[in-house]
Amino acid sequence: MKGILKYLAISVTLSQAAFAAVPSDPLAAKVQEVNLVNSEEPTTLDPQLCHETACTELVRSLYEGLLRTDGNGEIVPAAAEKWSITPDGKKYTFTLRKNLKWSDGSELTAHDFVYGFRRLVDPKVASENASNLENVLNGTEINQGKMALHTLGVKALDNLTLEITLKRPTGYFLESLAVSAVVPLQKKNYEKYGASAFTLTENFVGNGPFILSLRKSRDRIVFTPNKYYWNKDKVYLSKVNYLIVGEAVAEYKMFEANQIHMTNSIPTEQIKAIREKYPNQLKTFEELATYYYIYNFRNPKLKNKSLRQALNIAIDRDVITKSLLNTGQISAYDLIPNNMKSYSHSKAYWQEWPRDKQLSEARKLYADAGYSKENPLKIQILFNTDEGHKKIATAIASMWKKTLGAEVETLNEEWKTMLDKRSTGQFEVMRLGGVADINDPYNFFENLISHKEVNVTKYINAEFDKYIEQAENEVNPEKRKALLNKAGKIIVEEAPISPIYYYANNYLIRDELVGLKKNSMNQFSLVGVYLREQKKS
């Protein structure tokens with residue numbers, strides 16, 4: 001990567017920096033400016049439309065919902081200071097903190113939450129995040145264009161009280177309210193500038209701990225403190241620079257050069273050296289996330305279950321996790337991540353067979369699907385530009401070629417282009433990663449429900465849909481878990497996707513960055529985070 005050193009050579013003077021609080025730590029650094037990394041250029045900072053890891057963490061700092069998920073993965077108060085739930089589990093009443101304000105100094109009320117929630121389910125907005133409110137009264141019907149926005153079961157009883165009525169009890173509803181898309185929106189600002197411009201730097205109005213002060217495409221995004229944030233006394237960073245760096249190797253070089261305080265990832269091929277050099281700065285945790293390939297059911301050949309299973313079995317996960325990556329990833333055979341609540345993994349019928357027997361089964365299924373040496377499968381793997389994704393795609397293409405005789409093309413696209421192709425169905429096999437934003441299997445399964453817009457595979461299975469629907473109506477936790485397990489077993493058997501591994505998040509963090517804690521969903525808050533003076537070596 002050219003020009004790594006340029007990032008710290010460029011300085012921005014912003015008056016908002018004066019609004020940062022001062023940590024009580026006597027070792028706190030005089031300059032509280034932190035440099036972090038965003039691995040991709042975010043396609044949007046619109047909270048209701050953001051549905052990718054490249055923007056969710058940014059949105060969490062710019063907007064704040066009723067609740068948030070803390071560093072331990074627990075639901076804690078945010079803009080709401082307390083709430084109550086009726087005995088039938090269908091009505092939630094939230095009391096907002098007093099004197100909440102937008103970043104322009106204007107009053108923030110329960111009506112702003114109503115406006116933001118309605119926009120989230122508005123079919124004209126077409127948000128992929130609308131499912132977070134699908135169990136709110138009329139949420140699904142509104143999103144399908146069958147009912148008017150004002151019928152959504154969200155009501156401002158007064159400026160400080162928000163009432164939410166559900167159509168059925170939902171055990172994970174509080175977690176849904178902690179998602180980055182479920183936030184208020186200032187009506188005046190949104191209607192003045194419109195969907196395409198209200199998140200521009202010069203127009204931005206949010207309610208999170210930081211405001212957007214600079215956005216330079218493919219370079220950096222700069223945050224400064226929101227002087228009207230309710231918890232501003234705990235916002236110590238005067239400036240947060242998110243540098244757009246697309247490669248783990250480049251991130252590592254910047255960390256080595258003391259140009260960034262934390263990486264998003266590390267170069268897998270250097271893991272041994274990094275462990276030896278930075279034993280205290282290297283952090284590893286198992287993330288509620290799955291790396292997988294999806295099959296496009298618009299393509300007639302991929303509707304063939306035997307072919308999908310052949311491709312699925314031919315992937316040697318252990319080669320990928322233990323040889324190619326070797327940074328703590330766990331081979332995956334089920335879509336749902338390890339340690340997720342309300343679920344037990346299903347095992348594929350072939351999962352524990354010796355590898356030779358697995359390969360024989362893959363070849364048999366490939367032949368059953370009508371393919372042979374004389375009539376080989378021709379297929380393309382699409383992935384977004386990244387050295388790690390490229391290595392995995394190359395390895396899997398080689399496995400499919402060696403085991404089955406398939407002719408495989410690998411194609412990389414920039415993130416935005418790949419997302420466009422995902423939406424329009426212009427792919428055969430595509431790499432995706434599912435990262436939980438709520439700790440519940442539904443968070444992953446909803447992407448395979450036949451009538452859902454987010455089901456980009458276009459997989460349809462009535463029995464799977466039935467179990468998910470029953471689970472959504474089941475209030476008994478054990479019965480609900482049993483239904484979700486049945487749904488999961490169908491996905492393992494049908495293979496509309498090929499899970500490859502469960503993420504192990506490896507990153508480097510400088511000793512002087514204090515108070516930043518990632519949870520199992522790779523979420524973190526910058527409130528309470530500060531820099532200490534760097535130790536001189």
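Why does E512 count as buried? At 11% relative accessibility, E512 falls in the buried class, where buried means under 20% relative accessible area, exposed means over 50%, and partly exposed lies in between, with a 1.4 Å probe and protein chains only. The structure is a predicted model, in which local features need pLDDT of at least 70 and side-chain atom pairs count only at pLDDT 80 or more, while totals for chains, interfaces and linings use all residues. Residues are numbered from 1 along each chain as its sequence is written, and side-chain values use heavy atoms, with hydrogens and water left out.

**Surroundings of E512**

- E512 sits in the loop between β16 and β17 (513-514), where helices (H or I, at least four residues) and strands (E, at least two) are DSSP runs numbered from the N terminus.
- Leaving aside residues up to four places away in sequence, E512 touches N258, H261, Y530, L531, R532, E533 and Q534, a contact being heavy atoms within 4.5 Å.

**The six-stranded sheet**

- Six strands form an open sheet with mixed pairing, in the order β12-β16-β11-β15-β13-β14, and two strands are said to pair if DSSP finds at least two bridges between them.
- At the edges of this sheet are β12 (330-331) and β14 (407-413), each of which pairs on one side only.
- Within the sheet, strand β13 (residues 378-384) and strand β15 (residues 429-435) run parallel and are joined by two bridges, and L382 stands opposite M430 in β15.

**Helices on the sheet**

- Helix α12 (residues 387-404) packs on the sheet and touches β11 (282-295), β13, β14, β15 and β16 (497-508), with its direction making about 165 degrees with that of β13.
- For such angles, axes are lines fitted to C-alpha atoms, for helices over the stretch in contact, and the values run from 0 to 180 degrees between N-to-C directions.
- Helix α13 (residues 415-424) lies across β13, β14 and β15, and runs at about 105 degrees to β15.

**Helix α11 and its buried side**

- Helix α11 (residues 355-368) has 14 residues and reaches 20 Å from its first C-alpha to its last, close to the 20 Å expected at 1.5 Å a residue, the expected span being 1.5 Å times one less than the number of residues.
- The residues Q358, L359, E361, A362, L365 and Y366 of α11 are buried.
- These residues are on the same side of α11 because they cover an arc of only 160 degrees around the axis, the arc being that of the directions from the helix axis to the C-beta atoms.
- Among the elements that cover the buried residues of α11 are α9 (305-314) and α12.
- Just after α11, G370 takes a positive phi of about 100 degrees.

**The disulfide**

- The count comes to one disulfide, by the rule that a disulfide is a pair of cysteine sulfur atoms within 2.5 Å.
- This disulfide joins C50 to C55, with an S to S distance of 2.0 Å, and the link is right-handed, with 105 degrees about the S-S bond.
- Both C50 and C55 are buried.

- Most residues other than glycine have a negative phi.
- N99, although not a glycine, has a positive phi of about 65 degrees; N99 lies in the loop between β5 (91-96) and α3 (110-121) and is exposed, with a relative accessible area of 68%.
- N138, also a residue other than glycine, has a positive phi near 70 degrees; N138 is found in the loop between α3 and α4 (139-143) and is buried, with a relative accessible area of 15%.
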